[in-house]
Amino acid sequence: MGLIIALLVIWLVLSIVGFVVKGLVWLAIIGLILFVATGVWGWVKRRARS
């Protein structure tokens with residue numbers, strides 16, 4: 001579970017950096033996609049364990 005949380009934090013930071021720096025909007029989009037994908041992956045794994 002710690003790995004998923006760490007990945008979520010990394011993707012969130014990348015997204016924020018992408019939105020702050022005008023030339024890096026592509027980084028924000030990739031960060032948001034990875035953030036959502038990691039969240040879904042963690043939710044599915046947690047649900048499968050229950």
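Residues are numbered from 1 along each chain as its sequence is written, and side-chain values use heavy atoms, with hydrogens and water left out. Because the model is predicted, local features need pLDDT of at least 70 and side-chain atom pairs count only at pLDDT 80 or more, whereas totals for chains, interfaces and linings use all residues.

The secondary structure of the chain consists of two helices and zero strands, where helices (H or I, at least four residues) and strands (E, at least two) are DSSP runs numbered from the N terminus. Along the principal axes, the C-alpha atoms fill a box of roughly 45 × 15 × 10 Å. The accessible surface comes to about 3,900 Å², and carbon and sulfur atoms account for 79% of this area; accessible areas come from the Shrake-Rupley method with a 1.4 Å probe, and for residues only the protein chains shown count as cover. Of the 50 residues in the chain, 18% are buried, where buried means under 20% relative accessible area, exposed means over 50%, and partly exposed lies in between (1.4 Å probe, protein chains only).

Helix H1 (2–20) has 19 residues and reaches 27 Å from its first C-alpha to its last, close to the 27 Å expected at 1.5 Å a residue; the expected span of a helix is 1.5 Å times one less than its number of residues. The buried residues of H1 are Ile-4, Trp-11, Ser-15 and Gly-18. Seen down the axis of H1, these buried residues fall within an arc of 60 degrees, so they line one face of the helix; the arc is that of the directions from the helix axis to the C-beta atoms. The face of H1 turned away from this buried side carries the exposed residues Gly-2 and Val-20. The buried residues of H1 pack against H2, with contact taken to mean heavy atoms within 4.5 Å.

Helix H2 spans residues 25–49, and its 25 residues reach 36 Å from the first C-alpha to the last, close to the 36 Å expected at 1.5 Å a residue. In H2, the buried residues are Leu-27, Ala-28, Gly-31, Thr-38 and Gly-42, and the buried residues of this helix pack against H1.

Individual residues illustrate how the two helices meet. Ser-15, which lies in H1, is buried with a relative accessible area of 4%; not counting residues up to four places away in sequence, Ser-15 touches Ala-28, Gly-31 and Leu-32. On the H2 side, Thr-38 counts as buried because its relative accessibility is 7%. The contacts of Thr-38, again leaving out residues up to four places away in sequence, are Ile-4, Leu-7, Leu-8 and Trp-11.

Two further residues of H1 have their relative accessibility and a C-alpha separation recorded here. Ile-16, in helix H1, counts as partly exposed at 49% relative accessibility; Ile-16 and Ala-28 are twelve residues apart in sequence, and their C-alpha atoms are 6.6 Å apart in space. Leu-3, also in helix H1, counts as exposed at 57% relative accessibility, and the C-alpha atoms of Leu-3 and Gly-42, which are 39 residues apart in sequence, are separated by 9.6 Å.

Between the helices, Leu-24 is placed in the loop that runs between H1 and H2. With a relative accessible area of 25%, Leu-24 is partly exposed. Leaving aside its neighbours within four places in sequence, Leu-24 is in contact with Val-17 and Gly-18, while the C-alpha atoms of Leu-24 and Leu-14, ten residues apart along the chain, are separated by 9.6 Å.
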